[in-house]
Structure formats: C-alpha cells, structure tokens
Amino acid sequence: MARIDIAGLTKSYIGRNAARAVDSIDLAIKDGEVMALVGPSGCGKTTTLQLLAGFLKPDAGTITVGDRVVSTAKHVVPPERRRMSLIFQSYAVWPHKTVFENVAYGLRVMKLSRSEIEDRTTAVLRTVRMTDLAQRYPSELSGGQQQRVALARAVVVNPETLLLDEPLSNLDANLREEMRFEIRRIHDTTGITMVYVTHDQTEAMVAADRIALMRGGKIAQVGTAHEIYEKPATAFVATFVGGTNTLPATLIEPHLVECCGARLRVRDDFDAATRGPVTLCIRPHAIGFAERNGDDATGYRENGMNRLAGTVLRQTYLGAARDYLIDLGGAQIRMAAPPSVDRAVGSTVHLDVAVDACRVVPGD
Amino acid sequence: MAATATAPRPVERSGSFDIGPVFFIGAIVVLAILVIVPIGWLLLISVQVPDAGGLTLGNYVEAFSKSIYLRPIINSFVLATSVATIAALLGTPLAWLIARTDLPGRKWLRALITAAFVTPSFIGAEAWILLAAPNSGWINRTIASFTHADHGPLNIFSLGGAIFVMALYNVPYTFTFVAGGLELLPVELEDASSTLGASAWRTMRSITLPLVMPAIVAGFIMSFLEAIAEFGTPAFLLIPARTQVVTTQLYLFFQFPVRTELAAAYAMPLLGVTLGLLLLQRRILGRRKFTVVGGKGGRRRLISLGAWRWPLLGFALLVPLCSVVLPYLALLATSLSRIWSTGPVPGNLTLYWYHWAIFDNAETRRAIFHSLTYGAAAATIATIIAFLIAYTANRRLFPGAQVLGIVCMAPFVVPGIVLAIGIYAAYSHPPLVLYGTAAILIIAFTTRFLPIAYSNLNTMVAAVNPDLENAARTLGATRLRALRTITAPLLRRGLLASWLLVFIPAIRELSSAIFLFTPRTATMTTQIFDFTDAGNYEAVATLAILILAITIVIVSVAYRFLGRDFMETTST
C-alpha cells in the first residue's frame, strides 16, 4: 500500500523559542509496518506527525508516500488528499454527531451510496464492538468507547496510512492494555502502515514493529524493540528505554574499561577505535550481590563476571524486588535484587555483573 | 534550500479545485468594503478640497475656527460630562443596593434596569416629549391644572432635558459594571476591615468603594462615549431648542448643500476622543484584576438595611420609574389614543394607529419591512464575516491573520454618525454608487455592529479544539467542508446569539441610518424621525412600541433558547 520516506525533514517554529522542532530527520517506514516515534516531551515527535499529516509545511526536506511526494518546503498536499487518517490524543470525536454519524462522515465525504455507507459503517462498528451504541452521542460514552469510535472513524475510509498521536494517554491502565491489543489487531487484519507517536516506551514496544527514538528534534536510533534495548547507540537511548545506570569510564584497550577504580571487560560489539572517556551502561536488574568467598578483588574475573565494591546508601522494599542504591566511590549505581536479599544501609557489598550486560556507548 | 528547489513537485491524487481560499479571500474583501474603505475615505476627504480633489487642511481650519461650529463642541462636552456624572452617581448606589443589601424587590429592580438597557434613548426622548413638553406634556398639564399657570414647569426641549433623558438610559452601564464588581468582591475583604473595628460606613468608604472604583470609572467612560456620539436624543430635544451639539451639527452639514469634507474634518475630534477613552477604559479594566483575587462564588451575607430599606427602595424605584415605567406607559397610551393630547380616556382609545401603521399606510408598512429585512441582512452578513475572520485569525491561516481581527473590531471606536459619513463618502460616487439603495444601509448596520458579532464569535472559535476540524480533514473534507459540517454546527448557539446581537441593535439604529436613507429606503427609525418633525406623535409612539415589542419578543425567545447570559458579551 504505502511506504513512507522522510528525507532531510526540518521544521522550526517562529517566535521566542525558535529552536528546530524537527531537525533534518531521515526515516524510511516500510509498507505495512508499525513505526513508533518515541521520546520525551518536546523531542519533535508530534511535530513530525503533524508534518506527516500535512497540517504543517516543512522548512526543508521531503515526505514521500509510495511514489508520491506529498510535502516539500514549497508545496504540501493538504490533509484531505493524503489518504492518511489520524487518531488524536483528544479523540476529537464530534460531540454533535452520533457514533454512527461520526464513523460515516469520511464515507459521506467520499460521496458513496447510502447503502454502501450503511454497510461499511455497520461493519466497522462491529469490528470495534460498538454496534449497540451506534445511535449514542459521544457525551454518553466512556473514554474507551470514544477512543474506539475514533479508531473506527479513522479506519473505515481505508486509509493508506494511520497516524496515531498518543492515542492511549488519556485512558486508564486496563483500557490502555485492551486498546493496545485492539490497535494491533486492526493492523494485523488490514495491513495498514501505521505511525504511532507515544512517550511511553512500553506502549511502543508492544504496538510497534520498529521504534524511532527521538531527542531534540533528531532521531537518536531506529530499530526493533530488541535492537534498541539490547544495543542502545547512546546513553540517552539506554536510559530512556528500560532504564539503565550510566557510569563514567575510560576505554583503556578494546573491550576493557576502567570504572570506579576497577578494570572491567565489556561487550565486544562496540567499535573501539575511540579510546578515552566513554559511558558504561548497566541495567539495574543485571547486577547481583557477589558470593562472599574471601576473594574480594574487584575487576574482571575468570568466571566471565565483573566485580565492583561499594556501600549501600539506601534500600527500598518493593514487594517483587528490592531496590538498592549503592555508592561505588565516584559514582552511584541502582540495582534490583530479589526481595529476600536484605543488606543493611551502610554495609559494604560486592556486586557481580556479567560481561554481556556491560555496554559501552560514546561518552556524553 | 537548494535541495528543495530541485525536489520533484508534489503529485496530487485528486484534481478537484479547492474553493476554500475563495471564501476566505471573499470574506477579507467584504471586510475591506465594510471597514477599511469607509474609514479610509473618512480620513481622506477630511483633507480634500471640496469637489476639486487636491489636499488641504482648509476643512479643519474652517471647522475649528468659526464660533458657530465651536459652540456645539462645548455643548457636547457639557452634555456628555453631565450625563456620565449623573449616570455614575445614580448607578453606583443602585448597584450596591441591589448586589449587596436586603433591599426588597431586588430581582424586579434588576429586570427593570435591564429593560432600560435595551431601550434606545431616542425612544425615551420621544416618550419624555409626551410627558414633559412645555405646553402639552402630560406631567406639565397635570401640574398646570393645579397651579392654574399657562404652562407647566418642565421643559424637555433644553440641554437640561436632554441631560436628564440620556442620564436615565446610561445608568445601566455603571450599574452593570459596579454590580459585577461587587458580586466578585470577596466578602472577607470587608470582614477584615470590620474585625479591625471599622464602622460599616468606614469600611464602605475605605475598602469597598476603592475596590470598585475602576468599574465606576469604566461605566463613566462608557456613558460619556454614548452621550457624545448620540444623535437621536439631541436631535429630538435640542434641535427644537436651537442648541446644537457635535452630532446635530454634523447632521446640519448634510442638509443642502451637503458639505461632506467639512463634516469629515469636524467628526475627527469625536473619533479621537472615542479612541482615546476606549484605550483608557481598557487599561483601567485591565488593572481591575486585583478586585477579583480570591473571588469565589460562595454564599455571601447581605447587608441589612433595617428601617432604611423602604426609603431606599423609593430611591431605587425612581430611576426605573423615569426610564421605563412612565415612558412605556406614555408611549402605550399615545399609541392607543386617536389624538394623544386628549389622553387615554374612553372614546379616544383605539387600535387605529396600529392598523394604520401595519396595514393602511404604505410608508410605515414599507419601513417596518425595511427595518426587519435590513436588520436580518446585516445580522447574517456580520455573523458570516465575523465567523470566517474569527476562524482565520484564530487558526492563523496565514502569517499576520490576527490583524484581520483588529480590523473587525475597528468600527467599535467609530461613532455611528462618523461611520455614516465615511460610508457616504465612500459609496456615493463611482466606482461603487450605493447611495439611495438598500445596500448602503445594510453596509452601515453590518459595519457598525460587526465588532459585537466578532468579539462574541472570537472567544467561541478559540474554544473549539482544532483537532475536531483536523479529524474531518484527514477523512477527506476540505477546510471549508470541515468548517461547514463540524465547526459551524458546534457553534450554532454562538452563531445564533451573534445574529441576534446584531439584529436587535440594527432594527433600532438611527444615527447612521439618518445620513444614508432616502424616502425609498426609509426604516422604522427614520420614520420616527420624520414623524417627530411633522408632530405626528401617535405614529411615533406606535412605531416605538412596535420596535420595543419586536425587541422584547426576540430577547425573551433568545433567553429561553440560548440562556440568560447570551447578551453579556455586549456589556464589555
């Protein structure tokens, strides 16, 4: 149906904060793919979506859908001729129209016959399980039901692309789970290309085939959830996705860093051409307390483990885990230990981390 | 940027032409015809040599050097200052009595004062001619019958008379502003003073009054501006007394031979004073913030008046008595009398004049039709333009679109009579000769009340989440279609309210109509003017009652369907 190519896309807002909201981004979205744009607020993900939908004109760059150029700095195909549906954070369900009229609107615009409008609207309402509520007005619906109306309204017109702008952020946790599944199901039955904007990395991991992580108007990394989690390109990516400890370190030879007075081996998938200051990323749950067997030397050990020594600064019992903050002398590190492992605040502890869990990214 | 220059041109899927831009550009063109051209012409002709076209300051020299032209300026200033002072002195205690005390009948008093608000003061002037004309006025005759004098003591045809009538109809301005301020005033502010040992009187003087002072000043400015721009009342009460004010002098410039250039120059101080005072008022009201800090709508204690309540009720009734009860009774009685001077006695009572005005007399029949159709046309155009411009400005369809909003609001600072001069100057010669047509009156009414429609719709459009329109657009609707099927239906109450807020004043508009009508395009108000000239007060009263009846019916229907607050945007 539609692949989307974004090339050199740039957009600045005029006014006091004249920063580049979107700064020369390149992104290729495959036909039928669900691409999530993820990042903290102000990272440019919503502006990118508005540019994709045709509500904004780029300052530079192009957006191509299939073989059709839809946005350049000179000309923008208006939203109504892009065959992209958009699901809004606010749902934007029209309060003066019934559920049926909301969903049928796009079909009426297409000037379809009355019976075809009736059939397609009824069919899509069945898909989102809203048939019984077709004659209700939005004010008589719950948030989740309104969201389903918005979804039905967007897909009934068979768009080439479905854009979703934080579609679940106004729903409570249970509904969010259900709607995530709903959206994924719509995708799997229609094969529609989707661009999904969210600030919630878990949501992105569940809903999307690939994730584009954005920061400061630029794309920090693009990849599958697995790639982004396992091979973060920067400390920001590692921190944003899944959370991580970032420790200042120095690369002294390939795959060997010095950190907090210990020499540690790290994963060998880092291009070690640049020696000097780097950042060492270790996920909290990859750290465990070491067995006390008298040998307390820190650094890389023959059993494939790195050992660190520190003092417990704080511990919090969380039921499923125990959250520790440990001072390594020069840096602090958080770890998630099994709830039964209880070490007193102020006690000296030794930590073991597998080489595979130690990842080096360029120093920030 | 070089990269984009070589980029392939976007390919559009559908070749259909989007007529949306035509509409928005059309709205801007109409806005220019309504506002920019007349105001531009007004400024231009004030510095033009009559009939020649060269530039000169001669018009200004002539307008402001002759003593016969200076006298009306002084009169206008005296009139407006007196009206505003009296209105503020009456309106402030009334507001306090009704908003903060246990005065009996507060609800009724408030309704009566609102009734005075919707009564045009020139209709009040007509009624007071019936009540207090030197020889024939009913009050005068009643008094004379006791004193056996030739004529009664009152003479409404005087500067004092005009001040009296106009002050009555301006009381609602101060009243509304001050009552609004008092209702927002947290009662704790007064309590704090009382607990420190201040007497009730001292609390009022040192706490309450200073806090509502901005509202009083704002009311004073509104009354001053109304009085200085008013045409009808001075025309009815001062022209017979051979006393001119600026507006009646402008009218005289339009008698044969028409001296448009002189009138334009002469109108400039009016324009300048209005603009200056409105800016001042905006600053004062802008700083009013401090009065509403912590003003939550909790239940407030009313001040007990004790034994004073009955004398104070007498005072409070005095204003509505003079502005509503007596005038309405006088007009009603006159319209029902075959000959008004005989009075509403059996044998003289008849519906003759209503039958005459509505059915028998072609002139009045046509005038009623004109008032309603011109009013409806103006209301429709103003609502559509205001809506399109409010949308354009709010959604910033192009850089600088907000300027259009300022243009829409510009007529607010132009008194009706000055606007009429501009419209006359702009459309009485090629390329667009509209003088003598209905169009020029419709333009005048539309322009004059466009700011009401705009300020009303602007806040409403701003409250509509743009996502609602954007959703329609992603589904294939053009901007215009989204506007028609989503935004307009969502705002239907606001659009209807705007329509009424233009229609109601348009059917009562005299000051701009008087310059632009011809016998073929007379309206109810210009007929009232002509009948006054001819001394046919039965016809005047009948048309006045018809205007009031139409207004009351519309306002009460609107209250029912739109809620009580639909008129509130007009008061600020």
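**Ground rules.** I note that the model is predicted, that local features need pLDDT of at least 70 and side-chain atom pairs count only at pLDDT 80 or more, while totals for chains, interfaces and linings use all residues. Residues are numbered from 1 along each chain as its sequence is written, and chains are lettered from A and ligands numbered from 1 in the order in which they are written. Element names follow DSSP runs numbered from the N terminus, with helices being H or I over at least four residues and strands being E over at least two.

**Helix α2(A).** I checked burial here, taking a residue as buried if 20 or more other C-beta atoms lie within 10 Å of its own, exposed if 12 or fewer, and partly exposed in between, with C-beta atoms placed from the backbone. Eight of the 11 residues of α2(A) are buried, so this helix is largely enclosed by the rest of the structure. Among them I list F100(A), N102(A), Y105(A) and L107(A). The buried residues of α2(A) pack against α3 (114–127) and α4 of chain A, together with α20 (466–474) of chain B; contact is counted when C-beta atoms, placed from the backbone, lie within 7 Å.

**Side of chain A towards chain B.** I found 30 residues of chain A in contact with 27 residues of chain B. On the chain A side, β4 (60–65), β5 (68–71), β6 and α2 (99–109) are the elements that give two or more residues. By class, that side has 17 nonpolar, eight polar and five charged residues, where Ala, Val, Leu, Ile, Met, Phe, Trp, Tyr, Cys and Pro count as nonpolar, Asp, Glu, Lys and Arg as charged, and the others, Gly among them, as polar.

**Six-stranded sheet.** I traced an open, mixed sheet in chain A with the order β6-β7-β8-β3-β9-β10, two strands being paired if DSSP finds at least two bridges between them. The edges are β6 (84–87) and β10 (218–223) of chain A, each with a single partner strand, so one side of each is left without a neighbour in the sheet. From one strand to the next the twist averages 20°, with axes fitted to C-alpha atoms, for helices over the stretch in contact, and angles running from 0 to 180 degrees between N-to-C directions. Within this sheet, β7 (residues 161–165) and β8 (residues 193–198) of chain A pair in the parallel sense over five bridges, and D165(A) stands opposite V197(A). Helix α4 (residues 143–155) of chain A lies across β6 and β7, running at about 175° to β6(A).

**Five-stranded sheet.** I also followed an open antiparallel sheet, β13-β12-β11-β14-β21 of chain A, in which the twist averages 45° from one strand to the next. Four bridges join β12 (residues 256–259) of chain A to β13(A), and E258(A) stands opposite R263(A).

**G422(B).** Last, I turned to chain B, where G422(B) is found in helix α18 (residues 416–427). With 29 C-beta neighbours inside 10 Å, G422(B) counts as buried. Leaving aside residues up to four places away in sequence, G422(B) touches P38(B), I39(B), W41(B) and L42(B). I also noted that G422(B) and A264(B) are 158 residues apart in sequence and 7.6 Å apart in space, C-alpha to C-alpha.

Definitions and conventions: Two residues are in contact if their C-beta atoms, placed from the backbone, lie within 7 Å.
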